[in-house]
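Hi everyone, thanks for coming. Today I'd like to walk you through one model, one chain at a time, and then look at how the chains meet. Here it is on the screen.

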Amino acid sequence: MRQTLVLGRVNLRGVRFQSILLRTIIVLLLAVGAVLVLMPMAWMLSTSLKEEGAAGQMPPQWIPMDQLTVQIEGRTCYIYDIPVDGVVRRLALLQKKGATGTFVNPDNLEERYQLPVDKGRRVSVVRLHWENYPKALTSVPFGRYALNSLRLVVITTIGVLLSCTLVAYGFARFRARGLGALFIVLLCTIMLPPQVTLIPTFVLFQKLKWYDTLLPLTVPAFFGNAWDIFLLRQYMMTIPLELDDAARIDGCGPLGILWHVIVPQTMPALATVAIFHSLWSWNDFFGPLIYLKSQSNWTVALGLQSFNALYSRKLQLLMAASTVMMMPCILIFFSAQRLFIQGIVISGVKG
Amino acid sequence: MAIAVRRPMTLGRREAIWAYVLISPWIIGFIIFTAGPMVASLFLSMTNYDVVNPPTFLGASNYVKMFTQDRQFWHALRVTLTYAVVAVPLGLTFGFMLALMLNARIPGVSVWRTVYYMPSVVSGVAVAILWSTLFNARFGIVNWVLSWFGIKGPAWLSSPDWALPALIIMSLWGVGGGMIIYLAGLQGIPTTLYDAAKVDGANAWHQLRHVTLPMMTPIIFYNLVMGVIGTFQYFTNAYVMTRGGPVEATLFYNLYLYFNAFSYMKMGYASALAWVLFVIVLLLTLLIFRSSAAWVYYEGSLKR
């Protein structure tokens, strides 16, 4: 509160009060919104750590809990906290007849009581079922999928960085007849819906016998993409030309200038392109869906989609697998938050 | 370079050669993966190509059939446009309001920003699976939240009436992406404008209406164009969560195109669908651009 008072720009008492009120309302609204925004992920995480019976419970259980049971006479019996003559005792429910149950002391099986079941409460303890993760990841070859996805991410990211840097450098630093017109063509392709080229491209890759290999997904990355070229070119335009001149005097050719001046100066934009492209490639579903057929070539996205069909009833496994797929994105986000914000500023506002 | 030794090139010529060498990856890629396929798909759209047999030329009959006999085509178009008309403006509004709130001097700005932006970094199949369980009628937490307000939620994804609204609600989870772009724009508005407005006696509402909003129109415009284009690419969620159902309630245009091309193997017809999609997107974009003269304010441009 003290801080907001100091920050208040207007000194009139009434206005200041109004702005504190306004800020309080804003924070309250944001907090309510934040709860709603975080709830899906929280539910996913908690469900991924539950035992099977607790996963689909309503109302939802936010902390994974197991109901305590004990084996008596070859039967699984639930443990209850139930009052006996005014004292709460921890007993196992052996048998139920109507509203009354036969409760037994698990430590002394001779000690039995006939009690109304609804007076007692099943005992639960917090238990995180980490084993859901290995279970989910080994029920289908997830390691294989992850490896394919990773290969795709690494190769295409390298391809995009290489090709887009060269092309952007060409557009940013050189003059030639027709270059301006070509740049406009490039900008137009950003707006071009990919479906228009989809089918002939598919046929082309099929004729090349590249169907069901990673090639249709990796090779195009080495020919640049309009959006990233545009972003890098915009960024390179802000680098002072004097730096190029200095390098030229030191004897650098065009590639020397690119390597010693442009690339180091463009690092933030390159990092942004790398991060956004990796995320996009990791999450891409459409490309792998149409080009990859055999299971051994599937990516995580394809694997998860078929896992969804197979294991839709094992909610805890499904959520564990989904968590694993989302985790790299979230980790990258938290480790490179500044770049995210920066990248959006470059691409979004100046565009 | 051998030529250069014999007859020294002019600097301009050498520069031009370098330029074309550097951009050659894109030029080659453009010819192989964009220009060539565009021409080819225009040709295929006038054939009955099915991958197995060589294409037979049919003229405009794919297009005639699409407009006169294909009920599903019109339906897919309606679904997609409904989504565009509801989800895009809703997303723009929520994103803008969030950005306004986060631009105020409130404690913990970076934490709020992180929380609201995080959903936009995850996307694809995992998110689609997560939301299909959230919308589950029996154990989904969407209906649980609604029950706090005494509302008995519908069966969402298995109801023809509620499947599309469910996808629209889900899209709001990702408004953080737009929010960040607005936030960057808000921070770029010169404070002198607000100072000037205050001197003129403008209150908070007037400042929002006459300074913030006009200055933000280029960014709103950008998000609008991208949102509309994005709607015509909508695929993964509809494919994973509903497969276009129930009863075609979520048969997005792109999904219908996919089914034609890769399930029914009607590649010729799918190409025609793609070209119609292209024309629609082009017309919509032009429409938005044309309208922009009336409501988008560019600094330094003179109002006619």
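Predicted model: local features only at pLDDT ≥ 70, side-chain atom pairs only at ≥ 80, totals over all residues.

Let's start with chain B, which has 14 helices and 0 strands. Here, helices (H or I, at least four residues) and strands (E, at least two) are DSSP runs, numbered from the N terminus.

Residues are numbered from 1 along each chain as its sequence is written, while chains are lettered from A and ligands numbered from 1 in the order in which they are written.

Back to chain B. Its C-alpha trace spans about 70 × 65 × 40 Å along the principal axes. The domain assignment, which is automatic or from a database, gives domain 1 (2–44) and domain 2 (66–295). The C-alpha centres of these two domains of chain B lie 38 Å apart.

Now for chain A, which is divided into domain 1 (2–48), domain 2 (69–122) and domain 3 (140–349). Strands β2 (residues 69–72) and β3 (residues 75–84) of chain A run antiparallel and are joined by 4 bridges; strands pair if DSSP finds at least two bridges between them. Ile72(A) stands opposite Arg75(A) in β3(A). The hairpin has 2 residues between the strands, and Glu73(A) takes a positive phi near 50°.

Finally, how do the chains meet? In all, 73 residues of chain A are in contact with 70 residues of chain B, where contact means C-beta atoms, placed from the backbone, within 7 Å. Which element gives the largest share of chain A's side? That is helix α2 (residues 13–48) of chain A, with 12 residues. By class, chain A's side has 52 nonpolar, 18 polar and 3 charged residues. Ala, Val, Leu, Ile, Met, Phe, Trp, Tyr, Cys and Pro count as nonpolar, Asp, Glu, Lys and Arg as charged, and the others, Gly among them, as polar.

Methods: Contact = placed C-beta atoms within 7 Å.
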